[in-house]
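Please have the sequence and the model in view while I speak.

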Amino acid sequence: MATCLLYRQAPSRIPRFYRIELAMNLFAEVSVLREWGVAGGNGQSTINIYGNLREASVAADRHRKRMLKRGYDRA
């Protein structure tokens, strides 16, 4: 459905990524998939389920804003 990809690259640090994706599942719920880690390596992920698109998009926006404050930039 919608994907937001963020990167953080400081001069003396390893580049990192953070990805947020909204998707409908088979039960008419909206899933928010979040993946993060070191660029080029195995990352971590989590999935949160919401009852409607509004709740899911608010949650995804909250995570996106938090990561932008932590120094990530849009890809």
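This is a predicted model: local features need pLDDT of at least 70, side-chain atom pairs count only at pLDDT 80 or more; totals for chains, interfaces and linings use all residues.

Let me begin with the rings: the structure holds two aromatic pairs, where rings of Phe, Tyr and Trp (its six-membered ring) pair if their centres lie within 6.5 Å, and planes under 30 degrees apart count as stacked, over 60 as edge-to-face and the rest as tilted. The rings of tyrosine 18 and tryptophan 36 have centres 6.3 Å apart and planes at 25 degrees, so this pair is stacked. Because tyrosine 18 lies in strand S2 (residues 16-24) and tryptophan 36 in strand S3 (residues 30-38), the pair ties together parts that are 18 residues apart in sequence. Helices (H or I, at least four residues) and strands (E, at least two) are DSSP runs, numbered from the N terminus.

Residues are numbered from 1 along each chain as its sequence is written, and side-chain values use heavy atoms, with hydrogens and water left out.

How buried or exposed are the two partners? Tyrosine 18 is buried, with a relative accessible area of 3%, whereas tryptophan 36, at 23%, counts as partly exposed; buried means under 20% relative accessible area, exposed over 50%, and partly exposed in between (1.4 Å probe, protein chains only). Together with Tyr72, Tyr18 and Trp36 form one aromatic cluster.

Turning to the sheet, five strands form an open sheet in the order S4-S3-S2-S1-S5, with antiparallel pairing, where two strands pair if DSSP finds at least two bridges between them. The edge strands, each pairing on one side only, are strand S4 (44-50) and strand S5 (73-74). Strand S1 (residues 2-8) and S2 are joined in the antiparallel sense over seven bridges, and leucine 6 stands opposite tyrosine 18 in S2.

Which residues have the most contacts inside the largest nonpolar core? They are Leu6, Tyr18, Leu22, Val32 and Ala56, in a core of 13 residues; such a core is a set of buried Ala, Val, Leu, Ile, Met, Phe, Trp, Tyr and Cys residues joined through side-chain atoms within 4.5 Å. The elements giving two or more residues to this core are S1, S2, S3 and H1, and H1 gives the most, with four residues.
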